[in-house]
Protein chains: 4
Amino acid sequence: MSDVMKVGVLGALGKVGREVCAAVEDVDGFELVARVDADDSLESLVEAGAEAVVDFTHPDVVMDNLRFCIEHGIHAVVGTTGFDESRLAELRSLLGSSSTGVLIAPNFSIGAILMMRFAAEAAPFYESVEIVELHHPTKADAPSGTARRTAELVARARADAGVGPVPDATSTSLEGARGAVVDGIHVHGLRIRGMVAHQEVVLGGIGETLTIRHDSMDRASFTPGVLLGLREIGSHPGLTVGLEEFMPLG
Amino acid sequence: MSDVMKVGVLGALGKVGREVCAAVEDVDGFELVARVDADDSLESLVEAGAEAVVDFTHPDVVMDNLRFCIEHGIHAVVGTTGFDESRLAELRSLLGSSSTGVLIAPNFSIGAILMMRFAAEAAPFYESVEIVELHHPTKADAPSGTARRTAELVARARADAGVGPVPDATSTSLEGARGAVVDGIHVHGLRIRGMVAHQEVVLGGIGETLTIRHDSMDRASFTPGVLLGLREIGSHPGLTVGLEEFMPLG
Amino acid sequence: MSDVMKVGVLGALGKVGREVCAAVEDVDGFELVARVDADDSLESLVEAGAEAVVDFTHPDVVMDNLRFCIEHGIHAVVGTTGFDESRLAELRSLLGSSSTGVLIAPNFSIGAILMMRFAAEAAPFYESVEIVELHHPTKADAPSGTARRTAELVARARADAGVGPVPDATSTSLEGARGAVVDGIHVHGLRIRGMVAHQEVVLGGIGETLTIRHDSMDRASFTPGVLLGLREIGSHPGLTVGLEEFMPLG
Amino acid sequence: MSDVMKVGVLGALGKVGREVCAAVEDVDGFELVARVDADDSLESLVEAGAEAVVDFTHPDVVMDNLRFCIEHGIHAVVGTTGFDESRLAELRSLLGSSSTGVLIAPNFSIGAILMMRFAAEAAPFYESVEIVELHHPTKADAPSGTARRTAELVARARADAGVGPVPDATSTSLEGARGAVVDGIHVHGLRIRGMVAHQEVVLGGIGETLTIRHDSMDRASFTPGVLLGLREIGSHPGLTVGLEEFMPLG
């Protein structure tokens with residue numbers, strides 16, 4: 001692979017695709033060689049010499065895109081949803097022992113990934129832990145998917161370490177005051193105009209607390225994760241699930 | 001009144017009383033002249049020349065204490081609980097047009113008072129507002145009394161300004177995820193080992209948020225409020241209810 | 001004035017002007033009747049029946065704009081810079097006892113205004129206070145203008161209340177570790193990619209701290225201030241300087 | 001080792017030693033069998049059957065204490081300062097291939113250790129990072145030792161990952177406004193009455209920030225680290241330096 005990676009973007013005219021195109025063009029080390037959208041032929045990727053693609057398209061077309069890329073030795077960084085076990089198995093079979101890499105990632109926010117990892121790592125060392133997520137008031141679900149996922153990871157880390165239930169002497173409470181409970185972990189959702197997507201994990205032990213907070217203030221915040229995926233995909237042949245696999249500990 | 005105020009403490013051997021004694025002794029401008037507890041005579045106040053007392057005693061004895069102080073022209077700063085309308089009326093009648101001052105205050109935390117005031121002042125200017133309180137896990141009630149009171153003040157300020165309900169598009173929710181609702185304001189209570197008493201009021205409008213946070217990290221945090229009460233009581237004859245009356249705006 | 005205010009925007013094609021136009025169109029109670037930019041005649045305001053204008057233009061043209069508005073009884077909410085004492089004096093003279101209102105405001109961020117006000121109100125009650133501002137790393141000046149202004153207001157409030165210097169026992173320090181000092185108040189500036197414009201005022205006394213934080217996450221955050229100006233300008237004849245004049249205490 | 005570990009405390013009458021004694025007595029799984037201070041014989045440890053000691057004594061006596069413990073097969077968890085390379089080498093030689101464990105730890109705050117670890121782990125993924133520490137105003141040095149150490153670890157992690165200097169376009173600045181610079185990382189120290197020991201590491205990339213905050217609100221916050229040391233020391237024969245060695249990743 002040359003010093004500059006030639007990148008094609010699939011779904012290039014979508015909202016996310018356009019941000020990916022802009023990021024690839026802006027950053028040293030990448031060259032945007034193909035913008036492909038619904039009506040375009042995948043052959044243009046080959047003609048342009050694309051070494052890797054970013055795919056933010058649709059569950060209906062993404063498998064065809066990936067079959068084409070694997071066949072032509074083009075690495076793929078994929079944010080499209082809809083991957084179940086059977087799709088992942090098919091990709092593994094298509095890739096075989098090829099040197100081509102495919103990354104399937106449900107979440108490209110480096111900050112959210114680190115927050116979840118750190119929360120789970122810290123969990124065994126603290127008696128108490130709760131999660132507060134803050135989002136814009138047009139969000140339909142509460143708590144957020146990231147908050148639920150964090151609670152599950154924290155609960156599992158505590159269980160693995162043999163930590164018992166969180167202490168809570170509440171005996172008189174207004175309904176809802178102590179939040180929702182996910183796997184034994186209390187989760188609180190705020191809906192505030194002006195906010196985008198924010199989360200805080202608060203852990204506490206005798207005399208001290210540790211707080212891990214992620215603030216996502218702009219939807220462009222997923223682009224560094226996509227670029228990280230592109231930088232690493234060439235040295236990770238085969239199928240990888242989850243951007244965290246490209247983020248080594250320590 | 002001389003430059004140094006001679007102060008007596010009623011309930012001097014109680015947990016709170018001892019902290020008051022220490023604070024009065026430590027700070028310039030005050031002289032601790034009498035420590036009075038359950039078995040001591042109030043006469044010692046007169047003998048010691050006390051100009052003012054601080055009373056953290058018991059609802060059963062506080063009215064006797066105050067009758068004695070008013071009779072002897074001794075100002076009183078009172079943190080003892082149990083004052084209903086009939087007790088306040090009796091104090092007003094006893095004080096008449098005397099130059100003696102009595103302050104009855106349910107809350108001596110300057111920070112909590114300012115947080116509530118600022119939250120109510122800011123409320124009319126923001127679409128969204130929610131309250132998060134964080135306390136040690138041995139607390140029995142949720143949400144805290146201060147959080148409820150803040151919610152009531154914020155709700156009233158919004159109503160007075162004609163602000164409608166907070167925006168909230170939540171359609172799918174785990175039970176409790178959006179907190180308790182007090183007068184239309186969402187309130188969330190966390191219970192975390194290592195915390196003492198903390199509260200955050202989060203307000204938001206288009207593109208911006210304002211957060212007012214109070215952290216009480218030591219029970220000694222009520223002493224500055226008591227000292228403020230002592231400094232002001234001499235120039236506030238008659239009955240005053242609430243330390244905020246001694247904290248002028250602007 | 002009818003229930004719906006007819007509004008013209010001067011500088012309508014500028015970056016800020018376009019956001020003002022969008023906000024006026026979006027919000028109930030206003031009708032956008034004229035978009036005026038560099039080459040357009042001010043007469044269109046009269047033809048469209050504008051009751052008020054918003055002016056985000058240029059110091060070179062704003063006085064002509066305001067002379068026209070005052071002459072035609074059109075209220076004006078002005079964010080254009082460059083108003084010195086002689087310009088303000090001229091405006092006062094032009095307005096005379098007219099029922100027309102003109103608001104000149106250097107800052108339309110309601111959150112920044114409230115943060116400064118609350119910081120100054122709280123300042124006399126706390127021994128310690130410091131300011132932390134956080135901005136994007138392309139900002140040229142440090143500390144920010146708002147942080148300097150806040151420090152000045154806090155210092156004045158402390159001086160007026162007779163509060164002495166902040167306590168600080170630092171005897172060994174790396175250069176810069178304690179921040180810049182503005183009127184005796186320590187101010188710290190962080191430059192962080194991903195941030196927009198944020199400020200925190202931290203106040204502390206025995207056992208407790210009070211933190212007032214303003215997060216501006218989107219440049220659209222000035223629009224609620226402009227709309228507040230429009231709502232109030234009709235009932236404030238003459239010249240007003242500073243949006244805070246339209247934000248009553250308590 | 002039995003289910004309950006028999007623990008002796010060296011320096012039992014010191015401020016820290018007394019808190020250690022209280023913690024060992026309070027927590028299940030430990031039995032306090034010996035309190036040893038300056039004038040007491042170490043033999044009492046053997047008589048009481050101590051399996052492990054905690055040593056918060058003095059650099060002048062700690063080596064004698066450890067020689068005695070190693071000779072008698074008593075594990076040691078040591079918070080006493082003054083260990084240089086020659087002392088560590090001597091301990092390694094004394095321990096040889098013994099099954100006895102000795103932990104030398106300069107910092108028993110689990111939260112501070114996790115904060116430093118997470119900051120270093122996150123550092124390679126972010127363009128910007130700065131450190132803010134907040135302490136009581138009687139602290140003599142600025143920035144704090146923990147803040148300096150964090151900056152060094154963060155700087156090294158960035159260097160190892162090939163991350164360039166932090167972005168900073170500041171061209172006009174009041175002296176000190178951008179803080180102290182430690183290994184290229186900006187560090188800001190606040191001194192606020194009411195605070196104990198707090199630190200925040202702020203990292204940022206396009207559109208998002210990650211904040212890791214540690215609040216130490218009570219000096220008892222070191223005791224969970226001591227107890228962790230006691231729980232682990234039996235399965236870590238030989239010399240260990242740094243409590244973090246007993247805190248496995250992931």
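Which two strands form a hairpin with two residues between them, and which residue in the turn has a positive phi? In this predicted model, the hairpin is made by E9(B) and E10(B), and the turn residue with a positive phi, of about 50°, is B:Asp183.

**Strand E10 of chain B**

Strand E9 (residues 180-182) of chain B runs antiparallel to E10(B), and three bridges join the two; within this pairing, B:Val182 has B:Ile185 of E10(B) as its bridge partner. E10(B) also pairs with strand E6 (residues 128-135) of chain B, here in the parallel sense and over six bridges, with B:Glu133 standing opposite B:Gly189.

| Strands | Sense | Bridges |
|---|---|---|
| E9(B) and E10(B) | antiparallel | three bridges |
| E6(B) and E10(B) | parallel | six bridges |
| E7(A) and E8(B) | parallel | two bridges |

Seven of the seven residues of E10(B), which spans residues 185-191, are buried, and the strand is therefore largely enclosed by the rest of the structure. Burial holds for both faces of the strand: B:Ile185, B:Val187, B:Gly189 and B:Arg191 point one way, B:His186, B:His188 and B:Leu190 point the other way, and all are buried.

**The contact between chain A and chain B**

Chain A and chain B each bring 46 residues to their contact. The area buried between the two chains is about 3,300 Å², and carbon and sulfur atoms give 59% of this area. On the side of chain A, the residues A:Ala142, A:Leu174 and A:Arg193 supply 17% of the area that this chain buries against chain B, which is more than any other three residues supply.

A:Ala142 has B:Ser173 in E8(B) as its bridge partner, where E7(A) and strand E8 (residues 172-173) of chain B run parallel. A:Arg193 forms a salt bridge with B:Glu127, in which the closest N and O atoms are 2.8 Å apart.

Across the interface of chain A and chain B the rule finds two salt bridges, while the count of residue pairs in polar contact, with both residues at pLDDT 80 or more, is 28. Several strands of chain A each supply at least two residues of the side that touches chain B, among them E6 (128-135), E9 (180-182) and E12 (208-216). The largest share, five residues, comes from E10(A). By class, this side of chain A has 20 nonpolar, 15 polar and 11 charged residues.

Definitions and conventions
Residues numbered from 1 in each chain as written. Chains lettered and ligands numbered in written order. Predicted model: local features only at pLDDT ≥ 70, side-chain atom pairs only at ≥ 80, totals over all residues. Heavy atoms only, no water. Contact = heavy atoms within 4.5 Å. Buried area = accessible area lost by both parts, 1.4 Å probe. Salt bridge = Lys/Arg side-chain N within 4 Å of Asp/Glu carboxyl O. Polar contact = N/O pair within 3.5 Å; in protein donor to acceptor, adjacent residues only side chain to side chain. Helix = DSSP H or I, 4+ residues; strand = E, 2+ residues; numbered from the N terminus. Nonpolar A, V, L, I, M, F, W, Y, C, P; charged D, E, K, R; others polar. Pairing = 2+ DSSP bridges. Buried < 20%, exposed > 50% of the residue type's maximum accessible area, 1.4 Å probe, protein only.
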